[in-house]
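Morning, everyone. I have one structure to go through today, so please look at it on the screen while I talk.

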Amino acid sequence: MDMLAVELGPLSLANPILTASGTFGGSDEMADFFDLSRLGAIVLKTVTLHPRRGNRPPRVAETPFGMLNSIGLPNGGIDYFIENQLPVLREIPTTRVVNVAGDTVDQFIEGVRRLDAAGGMDAFELNISCPNVEGGRLPFGSDPKVTEVLVRGVRGVTDLPLIVKLSPNVTDVVVIAQAAAAGGADVLSLINTLLGMAIDPRTKRPKLGSNFGGLSGPAIKPVAVKMVWEVSRSVDLPVIGIGGIRDVDDVIEFLLAGASAVQVGTANYLEPTVIPRLLDELPPRLEELGVSQVTDLIGAVRPFEEI
Ligand code: RRO
């Protein structure tokens with residue numbers, strides 16, 4: 001077996017490095033930068049049942065070691081996606097994951113039902129964790145009961161693997177992870193962005209048009225590693241680690257914490273070829289560490305015993 005190959009429940013991936021939704025376009029926009037067949041999987045920007053215009057600008061702001069965003073899921077809707085983006089996606093020779101959200105549980109179900117009927121994708125990622133919905137309403141993924149009902153409803157309309165993307169903006173992420181598992185999730189991905197706010201002292205205006213948004217980038221990596229560690233110990237599903245990855249040792253850190261794969265997000269903006277670089281750097285780094293298979297690292301952290 002290839003040293004980088006990983007299994008994510010029903011999904012077999014050539015390597016453990018995926019794109020994070022929202023940072024890599026809606027079909028093949030990044031194809032000019034590198035050969036997309038190198039990706040462990042491509043995960044696209046969220047699509048919703050109905051078209052959305054997105055939030056008031058500015059939609060992004062830099063912060064120390066990270067960035068805030070409040071994009072607000074602008075997209076043409078699922079029928080537009082099926083007609084215009086899916087045919088392009090189908091031609092990308094890697095595992096294709098479509099990230100889906102909705103305003104209601106029924107919209108999630110109907111969206112996935114239409115996409116599944118259209119075909120051409122290998123898995124869904126359910127975005128129950130978007131922080132940038134109207135009026136600061138809590139995402140579905142803040143409530144375990146809603147999470148379970150939502151995942152079970154979607155499970156009923158597709159046989160494709162279901163990845164459920166969790167929010168860090170909760171009291172106990174393990175409770176939500178268990179609810180997603182009970183609803184029939186195949187894989188968990190975490191974390192989405194942490195709620196945050198930044199203010200310009202000169203104008204006294206928030207730096208985002210929607211006042212607050214989601215924080216991503218290296219600043220959130222320790223939060224993400226801790227949540228991946230907790231969830232992977234407590235729930236019997238494979239986990240995809242997300243949060244601030246930009247170097248090969250960041251990938252290794254998430255694997256040690258218990259992730260079976262990772263998604264790279266914010267780093268794509270700074271270095272559009274970060275993923276092929278990580279893929280080049282990973283095998284020699286594994287050799288240096290005396291590891292023959294990347295899977296040997298999964299959950300291999302040696303936590304200190306409680307005193
Ligand atoms: O579009 C966004 O504002 C957005 C989404 Br859907 C999400 O899941 N996470 C995020 O940080 N921004």
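Searching the whole structure, which is a predicted model, turns up two aromatic pairs. I will take one of them, Phe 24 with Phe 34. A pair of aromatic rings is described by two things, the distance of the centres and the angle of the planes. For Phe 24 and Phe 34 the centres are 6.0 Å apart and the planes stand at 55°. Planes under 30 degrees apart would count as stacked and over 60 as edge-to-face, so this pair falls under tilted. Phe 24 is in the loop between strand 3, residues 17–19, and strand 4, residues 41–43. Phe 34 also sits in the loop between strand 3 and strand 4, and the two are 10 residues apart.

Now the ligand. Where does the ligand sit? The space it takes is the largest pocket. There are 13 residues around the ligand, and those that come nearest are Lys 45, Gly 72, Asn 132, Asn 192 and Thr 193. By class, the shell around the ligand has eight polar residues, four nonpolar and one charged.

Next, some individual contacts, each to an oxygen atom of the ligand. From the backbone, an N or O atom of Ile 71 lies 2.9 Å away, and an N or O atom of Leu 73 lies 3.0 Å away. From a side chain, a polar atom of Thr 193 lies at 2.7 Å. How much of the ligand does the protein bury? Taken alone, the ligand exposes 310 Å², and the protein buries 93% of that.

That is what I have; questions are welcome.

Conventions. Residues numbered from 1 in each chain as written. Predicted model: local features only at pLDDT ≥ 70, side-chain atom pairs only at ≥ 80, totals over all residues. Heavy atoms only, no water. Near = heavy atom within 4 Å. Polar contact = N/O pair within 3.5 Å; in protein donor to acceptor, adjacent residues only side chain to side chain. Areas by Shrake-Rupley, 256 points an atom, 1.4 Å probe, with all protein chains shown as cover. 1 Å grid on protein atoms, 1.4 Å probe; cavity = no way out; pocket = protein on both sides within 12 Å on 5 of 7 lines; lining within 4 Å. Sits in = over half its atoms within 2 Å of the grid points. Nonpolar A, V, L, I, M, F, W, Y, C, P; charged D, E, K, R; others polar. Phe/Tyr/Trp six-rings, centres within 6.5 Å; stacked < 30°, edge-to-face > 60°. Helix = DSSP H or I, 4+ residues; strand = E, 2+ residues; numbered from the N terminus.
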